[in-house]
Structure formats: structure tokens, C-alpha cells
Amino acid sequence: MTHLRSVLSCWNFKDSFRSLLVRPKGHLTPFDGIRGIGILIVVMFHGLMGIGEKVSTDYFQDYLANLPFYLSGILQGDKAVDSFFVLSGFLIGVMLMREHSRQGSINYRRFYGRRFLRLM
């Protein structure tokens, strides 16, 4: 019965919705900004590549070669994805370590249930 309560607790809509709006006490806000910049670079990269599919190859290659310095980071979309996953993994690891230090164990069902609801 305790396993059922544990699973059902992650489906608590009110608490899950609140977790989207209220950041916990030890939240590492600067990482949100870094991840946001990474997401922006990836979106701009895909937009640029989408434009490249619509124009001639020679013109697009010249366009990419002459991009201003401050826009050349857009071409590093793959590195932005890598950094996004590294930061996300770090933050998830910190969350699991905090739960383990508070409760002495990690409730994986509850953890993955919260992750699922947060993504939805």
C-alpha cells in the first residue's frame, strides 16, 4: 500500500503545478539562464539550416562563411545541445543527492513520476 501512495503522490496535480511556478529554496538559477541560452542557440541554428534548405547551396555556403563574428555561435548548435544535457544531468544529480541526504534513500518511482509530470 505504501508503494501505491508513493506512486499516486507524484500524480498530485496541485503540487506538480505549484512546482512549475515556485522554485525550491536551493534552486540554482544561473544554470537556468545558461540552459536558456543553449536552447536559443539550438532554435536559431535550426532556423538557419531551414533557410539553407530553401536557397541555393552556393549562396548559402557564402552566407555562412561571411556571418558576422557575433553570429558565428549559431553554427555551434551541436555544442549547445551537449552543454544543455551536461547541465541538466548535473542538476538532476544534485536533486537526487539532496533527496538521498534528506531521506537516506531515493524513491525512483516518485522521482520519475515528478519528471514525467514536469515534462507534460
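Predicted model: local features only at pLDDT ≥ 70, side-chain atom pairs only at ≥ 80, totals over all residues.

Me: Good. How many helices and strands does the protein chain have?
Reply: The protein chain has 6 helices and 0 strands. Along the sequence, the pattern reads α-α-α-α-α-α.

Me: Let's look at H5 and H6. Which residues do they cover, and at what angle do they pack?
Reply: H5 spans residues 77–103 and H6 spans residues 108–119. They pack at an angle of about 140°, and their axes are 12 Å apart.

Me: Why give me an angle and a distance for packed helices?
Reply: Two packed helices are described by the angle between their axes and the distance between those axes.

Me: What do we call the arrangement of H5 and H6, then?
Reply: H5 and H6 are oblique to each other. The cut-off for roughly antiparallel is over 145 degrees, and the angle here is about 140°.

Me: Is their crossing left-handed or right-handed?
Reply: The crossing of H5 and H6 is right-handed.

Me: Which residues meet there?
Reply: From H5, Ile92, Met95, Leu96 and Glu99. From H6, Phe111, Arg114 and Arg115. By class, the contact of H5 with H6 has 4 nonpolar, no polar and 3 charged residues.

Me: Take Glu99. Buried or exposed?
Reply: Glu99, in helix H5, is buried, because its relative accessibility is 4%. The cut-off for buried is under 20%.

Me: What does Glu99 touch?
Reply: Leaving out residues up to four places away in sequence, Glu99 touches Gly104, Ser105, Ile106, Asn107 and Arg114. Arg114 is also one of the H6 residues in the contact with H5.

Me: Now Tyr108. Where is Tyr108 found?
Reply: Tyr108 is in helix H6. Tyr108 counts as partly exposed, at 47% relative accessibility.

Me: How far is Tyr108 from Leu96?
Reply: Their C-alpha atoms are 9.2 Å apart in space. In sequence, Tyr108 and Leu96 are 12 residues apart.

Me: New topic: Gly38. Which helix is Gly38 in?
Reply: Gly38 is in helix H3, residues 29–54. Gly38 is buried, with a relative accessible area of 6%. From Gly38 to Ile74 is 36 residues along the chain, and their C-alpha atoms are separated by 9.8 Å.

Me: Back to the protein chain. What share of the residues is buried?
Reply: Buried residues make up 18% of the 120 residues.

Me: Last one. What share of contacts join residues at least 24 apart?
Reply: 68%, among contacts between residues at least 6 apart in sequence.

Definitions and conventions: Residues numbered from 1 in each chain as written. Heavy atoms only, no water. Axes fitted to C-alpha atoms, helices over the stretch in contact; angles between N-to-C directions. Helix = DSSP H or I, 4+ residues; strand = E, 2+ residues; numbered from the N terminus. Parallel < 35°, antiparallel > 145°, perpendicular 65-115°, else oblique. Left-handed = near helix turned anticlockwise from the far one by under 90°. Contact = heavy atoms within 4.5 Å. Nonpolar A, V, L, I, M, F, W, Y, C, P; charged D, E, K, R; others polar. Buried < 20%, exposed > 50% of the residue type's maximum accessible area, 1.4 Å probe, protein only.
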